Amino acid sequence: MSRLQFIRGWRRSALGFFRYHGAVPQSLRCLQVRTKCDEMRGVAVGLYEKEGDHPPKLSAGGDEFDRQAGGKLTDLIRESGLTGELGIGRLYHNIGMEYNCLAVVGLGREGAGYNHEEVIDEGMENVRVCAAVGARALQLQGCGEVHVDGMDYAEQAAEGSALAVWRYNMNRRKRDRTHIPKLELYHSSDTEAWTRGLFKAESQNLTRRLCDTPANEMTPLIFAQAAVDALCPCGVTVEVRTMEWIEDKGLSSFLTIAKGSCEPPVLLEINYCGTAPEDKPVLLVGKGLTFHSGGLCLKPKRGMDEYRGTVSGAALVVATIRAASALSLPINLSAVLPLCENLPSGMAVKPGDVVTLLNGRTMRVMDPSVAGTVMLADPLLYGQATFKPRLVIDVGSMATGVTSALGGSATGLWTNNSFLWKQFQKAGGYSGDRLWRLPLWIYFKHLVTKFGNFDMCNKGRGPASSCLAAAVLHEMVPCSDWVHLDTHGTGMLAKDGVPPYLLKDRMSGRPTRTLIQLLYQLACKCPAA
């Protein structure tokens, strides 16, 4: 027996077991046989959980692989004691001639569907988890090409695997970067759904990249260039508005936050025309703070680096429009993205300063660290006056209250239209990235508007910070159908309860796929669940 055969045989038994997150122990990784990534090909298949006296059942792709291998896979599963428990599996080597490595991962209960209590389609989510664990395990084995079983949900398999293998590693030496393998669909003809899933996952990965890039490498101007590079080749129009234009249009609330930094602010106007030009568009407004120090109300130094992720609203909008164009959605989209930094300096806004908005009302900046409501106020007013939209959606990490309420379980949603909430709820259940509606009561309106010397306050009164921020923004949209998404708990660093297709302590890119799915439902006029 050669040394290579011995090591591969050892790995089959000792290295083969992996759990929910698809991690391989560091002590075992050093014993892997290093070959060129492009020379290794792997395949990931699913295994449904055993029920009663019935043994675990392979997915359709797994059955096909087992048939080609002459039943060897079934024997190995029986010997290894795999039960099909979700996210738990084994790696096998040299079973067939076509692939170097095979990952068999638990799919959970067969026939799982929409769970009304959890507000999620468990069958689709199980496929994402299974595909993610398998693809990542094969990636860590050095596979340059990974084939993933569609498992009856090719779109979700593509999402899980593409999200799991992606890495932001641009600031590492090239030789130390984790190789991102090429993904292919295994034993399924549903290539349309697979491609759609890849588009959605790649869009979320774009959001992750824009958010995870250090602030010195993602200034407003650099972000603007990245948006142009991502959207213009897709036929999307991007207008880059500079300081002179912003001052000429009188977007004072935006400049109030931007003037504390030496980096010049930028405002992006984006237009995607997917249907008749005369049709009213959906207006997307994304908070684009490329770094948020809190201004003169400085945030604690511990964890301040996370606030490079406050550009997530703008990043999510760019990625969503890119996906809409790639999928050729029959809908018109317009976007207004104010981009700046919020830093302390002699020019920075002071607590208690008052700014006059485009609609003539005044806003007191009680707390410069609550910058989202201030910087989005005039862009919201400008966008409605310019584009006359049928629906307004603003996105951004606004306040910590939503994190205290929901953690990372769901993105907070506020709306003045219950039909839109039902559509978002349906989209979240389909994408596996949920949203949850929070109140937009007159109670909160009074807490942000009832003042003697000015019309409203950016912070309001009381501890319900996210509801108060939503109430302030609602004042900018008095007549239109409107949705506000607060991504403070979901769109920044993934911390607790992280699904295996994302990485802990890295930017999540959420809820990009949910917003894409919502636009698909609106474009195709899908009824709410």
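Which residues does the UniProt annotation "domain: Cytosol aminopeptidase" cover?

## Model and annotated regions

According to UniProt, in an unreviewed entry, the feature "domain: Cytosol aminopeptidase" covers residues 205-516; UniProt positions are given in the numbering used here, feature names are shortened, and annotations may be inferred rather than shown by experiment. The structure is a predicted model, in which local features need pLDDT of at least 70 and side-chain atom pairs count only at pLDDT 80 or more, while totals for chains, interfaces and linings use all residues. Residues are numbered from 1 along each chain as its sequence is written, and side-chain values use heavy atoms, with hydrogens and water left out.

Over residues 205-516 the chain is 35% helix and 20% strand, and the end C-alpha atoms lie 13 Å apart; helices (H or I, at least four residues) and strands (E, at least two) are DSSP runs, numbered from the N terminus. UniProt also places "domain: Peptidase M17 leucyl aminopeptidase N-terminal", again from an unreviewed entry, at residues 45-174. Over residues 45-174 the chain is 38% helix and 22% strand, with 31 Å between the end C-alpha atoms.

## Nonpolar cores

The largest nonpolar core has 53 residues, and those with the most contacts inside it are Phe223, Leu268, Ile270, Ile321 and Ile393. Helix α11 (residues 312-326) gives the largest share of this core, eight residues. Apart from it lies another core, of 48 residues, among them Leu289, Met375, Val392 and Leu468. A nonpolar core is a set of buried Ala, Val, Leu, Ile, Met, Phe, Trp, Tyr and Cys residues joined through side-chain atoms within 4.5 Å, where buried means under 20% relative accessible area, exposed over 50%, and partly exposed in between (1.4 Å probe, protein chains only).

When neighbours within four places in sequence are left aside, the residues in contact (heavy atoms within 4.5 Å) with Phe223 include Leu210, Met218, Leu268 and Val318.

## Helix α5

Helix α5 (residues 122-140) has 19 residues and reaches 27 Å from its first C-alpha to its last, close to the 27 Å expected at 1.5 Å a residue; the expected span is 1.5 Å times one less than the number of residues. Because 18 of the 19 residues of α5 are buried, this helix is largely enclosed by the rest of the structure.

At the start of α5, a side-chain oxygen of Asp121 comes to within 3.2 Å of the backbone nitrogen of Gly123. After α5 comes Gly142, whose phi is positive, near 95 degrees.

## Strand β2 and its partners

Seven of the eight residues of strand β2 (residues 41-48) are buried, so β2 is largely enclosed by the rest of the structure. Two strands pair if DSSP finds at least two bridges between them. β2 runs parallel to strand β8 (residues 145-149), to which four bridges join it, and Arg41 stands opposite Glu145 in β8.

With strand β5 (residues 101-108), β2 pairs in the parallel sense over seven bridges, and Tyr48 stands opposite Gly108 in β5. Strand β3 (residues 57-58) runs antiparallel to β2 and is joined to β2 by two bridges; here Leu47 has Leu58 as its bridge partner.

## Asn171

Asn171 is found in the loop between α6 (154-165) and β9 (182-186), and at 47% relative accessibility Asn171 counts as partly exposed. Its side chain and that of Glu217 are joined by a polar contact of 3.4 Å; such a contact is a pair of N or O atoms within 3.5 Å, and within protein one must be able to donate a hydrogen and the other to accept it, while residues adjacent in sequence count only if both atoms are side-chain atoms.
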